[in-house]
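Let's take a walk through the charged pairs in this one. Have the viewer open and turn the side chains on.

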2 protein chains.
Amino acid sequence: MKDSKKILSENKVSITNPRIIVLESLLENRNPITVDELQSKLKNKVAKSTLYRVLNDLKNIKVLNEFTTPENATVVELIFEDETHHHHLFCSDCGEIIDIQMAANFEKTLSKEIKRIEKKFNFTIEDHRLELFGTCTDLCKNCN
Amino acid sequence: MKDSKKILSENKVSITNPRIIVLESLLENRNPITVDELQSKLKNKVAKSTLYRVLNDLKNIKVLNEFTTPENATVVELIFEDETHHHHLFCSDCGEIIDIQMAANFEKTLSKEIKRIEKKFNFTIEDHRLELFGTCTDLCKNCN
DNA sequence: TTAAAAAATGAGAATTATTCTCATTTATTC
DNA sequence: GAATAAATGAGAATAATTCTCATTTTTTAA
């Protein structure tokens, strides 16, 4: 079965055209994309209101991650099964968003620190997000 | 000189009533506050458009930090001179936002890792943000 | 396989947060 | 203290997201 349909059926949500179209589009490249860009890409294929609904559905079944750029654009990206937790690097020159993997030993230290915070504040921490902001020294691929 | 006026004059922006009112309000308690709450607090004292302008001014002179909750509410908090870099803990039950200080050795490891990322991606990283999401095990002060 | 029930969609209206406009007021300069 | 520059208030404009509801599509289960 095609990936998009598989994702939907595995998560017990009904298989509909808009959902397939949105998923295919997100599967095409593994990069984060702004909702705005996605909307342009799918113009005349999926209604705006449906796009937002589908994105919500995908968030609910936890195959989609949503976050906000420093410029307040909403960005989405599929969560791939084979990928480990990753973070984001934002270029303030060109707006590019780069997925980054932190070194294993850093992640270990972070986990330990999170456990300490959980105890200290009597919290159950379910998720975390680390974002780095800066500019590419050489021009990055969109900077020119 | 009062703190609010001092902040403005030190940063060479003109001293006006709305700026003083907003600053006093933020100085009152050191906790993050949503723009929405701030707006209610200052109703009939500062026009909505002015509030947004003042917040922008404060961001520009780098005494105000702005970020977004997982529920997409915009939150602001003053940056106090005496405080070191801190992060945020969000309770998804009651919406409370808690300022947290990470252990010094964690911050050291993070700095090193950031340097590694800078080299790897040829980036100059100017800032970073670490956010933790979860729920308080005991009910936190707003949860009940 | 098909009829009935449930869920999802499209189109555009409604809502909400933020920015903009512009005439008036306030602050700064010299 | 007059002239100039900057900031404000009020509400209109904009933009992103959610909502409404009549219609279409999908699922269920006989």
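Start in chain A, where A:K59 and A:E66 pair up in a salt bridge whose closest N and O atoms are 2.9 Å apart. Keep in mind that you're looking at a predicted model. How exposed are the two partners? A:E66 is partly exposed, with a relative accessible area of 24%, and A:K59 is partly exposed too, at 26%.

Now hop over to chain B and find B:E66. Which residue does B:E66 bridge to? That would be B:K59, and here the closest N and O atoms sit 3.0 Å apart. As for accessibility, B:E66 comes out at 23% relative accessible area, so it counts as partly exposed. B:K59 lands in the partly exposed class as well, with 26% relative accessibility.

Back in chain A, take a look at helix 5, which covers residues 104–121. Both A:E113 and A:R116 lie in this helix, three residues apart, or about one turn. These two form a salt bridge as well, with 2.7 Å between the closest N and O atoms. Is A:E113 buried or exposed? A:E113 is buried, because its relative accessible area is 5% and the cut-off for buried is under 20%.

Definitions and conventions
Residues are numbered from 1 along each chain as its sequence is written. Chains are lettered from A and ligands numbered from 1 in the order in which they are written. This is a predicted model: local features need pLDDT of at least 70, side-chain atom pairs count only at pLDDT 80 or more; totals for chains, interfaces and linings use all residues. Side-chain values use heavy atoms; hydrogens and water are left out. A salt bridge is a side-chain nitrogen of Lys or Arg within 4 Å of a carboxyl oxygen of Asp or Glu. Buried means under 20% relative accessible area, exposed over 50%, partly exposed in between (1.4 Å probe, protein chains only). Helices (H or I, at least four residues) and strands (E, at least two) are DSSP runs, numbered from the N terminus.
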